[in-house]
Amino acid sequence: LCRGGLAERLCRLQNRERSAISFWRHQCISDDKIPSDKSGVLIVKILEIFEECTIQVAICQQLEQSPAALSPEDALINAEEPILKVLFTRETAAHLKSRPQDVIHIYPPWQKLLLQNSDVPVIMNTYFSQKVLLSEHSEAREKTYGLTKMLIKKNIISLAQTFRLDDLDDKLHQESSDNQVPCAPQTHNNSGSKQHPSALSAVNDSLLEMVESQGAVGWREVQVRVVIQRVYCLPAREGHRSHTQGNKPLLSNGGMFCRLCLLVQDAYGMFSEVQLQFLSSTDDIEQYCRRWEGKSYCLAGMKILQRTTRGRALGLFSLIDSLWPPVVPVKVPGQSQDSEMMTTNLPPPSFCYILTVQSGEIHVEVDEEEQISNLYQPPAVHGLKEILGINGCNERCSFWAQVLYRRLQSKHSVPVDQREMLLFVTDSTLQNVVHGIPKVVAVSVTASCVLSMEVTEALSAGSPLVFFKDALWGNGRIICVERTVLLLQKPLLCSAAGADLSELTGPVRLDELDSTTQANSICALRGTVVGVNESTAFSWPTCNRCGNGKLELCPQDRELLYCNQCSEVVTTPVLKMQLEVFLSCPSRSQSTVKVKVWHEMTLFVLLTMLLFLQTYEVQSVLGKEVGLLNCYVHSVTSHPNCVVLEEIVLL
Amino acid sequence: MDGSTLPAVAEELLREIKKAFQETSQGIDIFSSRLKFIFGPSAVPALDLVDQRSVTRLRAPSGRTLYQVLGSSGKLYTCYSSCHFCTCPAFGFSVLQKSESLLCKHILAVYLSRAMGACQELAVSEEQLTNILLAEEEDEG
């Protein structure tokens, strides 16, 4: 124990008390008489007893005078007499063996404690207590009672019942104060800043000032005026399990769980990412973009989640960089705001605060009647040809494009709308060029780019025209990551350059297979059949209703096929076949070209008939011309010089 | 009478200690014996922990707090802010299993440190706080 410390002092005190108690008890037993000194003695009659932890709590009636003067018949509860709660330690209780109706004398130094919300005083430090026996009858009764064990009710105390050390003068604090009690008694900040939901102070225009003055607790009363530069959805993190079923951020309607976010900018040019309510990808994310982008909004009730820097949040800062420098002059902090002082010549931001809703859900109320702010920078739309020519890395770019083909990553455990995918897109700037640049470009969509249900459906059927907002260009590739938004409808405001680029004037043309063709691209080819890979040829029946390729034999009738997706017998299955053919292509004459054919198309139809009729004669197929076939390039190798492709159907 | 008595008594006691400490920073002696009466054998060890400034309050940017108490054996125990919970074995035994005490000495030390302004303060990241909580789970398991 520390010398001179509180513990040591209590120890010494305790030792003194202990000897006094044992001495006193000794005296009681030997004398068996009520000590003559009656001053300060508390006389109580026990009405009820229960136990809490090891303390015995006795609800008692305080008696004015010694009950020896009263006859047992008069010992009725007098409602006028004050009620007390007397606490006894386990040791004292064992010594007393008290029961209801017993009278106890409590000798000083007992202590009285008054509780906040209760009228009943509590008596403690009742070490020096003695039971008083009223008469000879009771003595005998006592001896019999002593043999039978009395059952005392035990109250179990909840662990959730914590102690509040502050004064509770504000009811609002009670609800949320459990985690917020300050430990140093001198700080009164929490009790001082009461909540005044109606009294909002003047609207401020600096995010930084608000953040620095309010600290991490949040700004309830303060409003900051900002411009909404971008609206997007971020995938919800693991931590929000309470909102999801099981451990996956998936909802029962098949949507993906995400969080609506805003990238806002204040009058000083400072940015902040604001995380709002949770959404599902089945919600109409597009409407938030359309209605909110470019408008002014007053931020209130926000809390600081994080302060992040350029090095730690490359994605966020690539978006911020695309909005820098500001289109109108911004204020300079700390200086009087003469118009000469405002500038656009500032270095790009190096840090950004991420804010979140203070508690519960917040519903952003953007006044849609409001004018678009001057500070708003709509996405700059370019043609794909221009984008491919950009020199930088990690540049955000926006463009319109026609999606020709979608290739999903092959993990089947992940649902369709959350897999990474490759979209092959084109626009008129690529289609109309003779040579030098590819006609079709691959856009990679990562799992962190949230796609709305609408967009996902459009991508699986038809050849949709999609607006890619704030995609990332770098290392010769376009990728859609967090904060990229894919839209089907034209945003209201874009720089007009991209207005007509989306219209394609003729049928889509793919690049033809040649020496520059790379893996993971699409191309068209023509050639002559020079061989068939007989070992990999096979056919299988599929359900004519749903296309399920895994049909089973019917348990009742082994001659029939059963589709367990439709839960019905398949009477007219569609036969699908897979075949690899070797072609000689004049456009890439040095290579062996192997094409996996598995759609009911040109070449395939020929071979189907042959195989079906069991007159499989490769000879009859050799030399046949194969017309323009659209393919996906699986791999290109130089030793051996081989290109492996797969026939595809464009959207 | 329904409802419990002991927690209200303990709470009042701690508030009085806090008030007394604010006023005199010495008035603790008056309450020592009361502490002993209510908290029994935990009182002296808890005060000892306070003397040694063993209680630290960890705070994450989200506002979530946690207490860590350096026990006499040198082991660090974690106490929650929102309910009475401590990772020490005595808590599991006396409080949870036997309901013999309201608190263990570590939780009492946390309250006393708060009342007397003897908490050390430490700002941590969300991740660090989570790791501390999860580490405790692993130990139990």
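Contact means heavy atoms within 4.5 Å. The model in every view is predicted.

**View 1. Chain A meets chain B.** Here 65 residues of chain A are in contact with 60 residues of chain B. Between the two chains, an area of about 5,500 Å² is buried. Carbon and sulfur atoms give 60% of that area.

View 2. Residue pairs in polar contact between chain A and chain B number 13, with both residues at pLDDT 80 or more.

**View 3. Several elements build the side of chain A that touches chain B.** At least two residues each come from α1 (6–31), β1 (42–52), β2 (55–62), β3 (83–88), β5 (111–113), β6 (122–124), β8 (153–155) and β14 (302–309) of chain A. The largest share, eight residues, belongs to α1(A). By type, this side of chain A has 37 nonpolar, 15 polar and 13 charged residues.

**View 4. Helix α3 of chain B is mostly covered.** The helix spans residues 43–51. Eight of its nine residues are buried. Which residues of α3(B) are buried? They are Ala43(B), Val44(B), Ala46(B), Leu47(B), Asp48(B), Leu49(B), Val50(B) and Asp51(B).

**View 5. Arg53(B) follows α3(B).** The phi of Arg53(B) is positive. Its value is near 55°.

Terms used
Residues are numbered from 1 along each chain as its sequence is written. Chains are lettered from A and ligands numbered from 1 in the order in which they are written. This is a predicted model: local features need pLDDT of at least 70, side-chain atom pairs count only at pLDDT 80 or more; totals for chains, interfaces and linings use all residues. Side-chain values use heavy atoms; hydrogens and water are left out. Buried means under 20% relative accessible area, exposed over 50%, partly exposed in between (1.4 Å probe, protein chains only). Helices (H or I, at least four residues) and strands (E, at least two) are DSSP runs, numbered from the N terminus. Buried area is the accessible area (1.4 Å probe) that two parts lose on being put together, summed over both. A polar contact is a pair of N or O atoms within 3.5 Å; within protein, one must be able to donate a hydrogen and the other to accept it, and residues adjacent in sequence count only if both atoms are side-chain atoms. Ala, Val, Leu, Ile, Met, Phe, Trp, Tyr, Cys and Pro count as nonpolar, Asp, Glu, Lys and Arg as charged, and the others, Gly among them, as polar.
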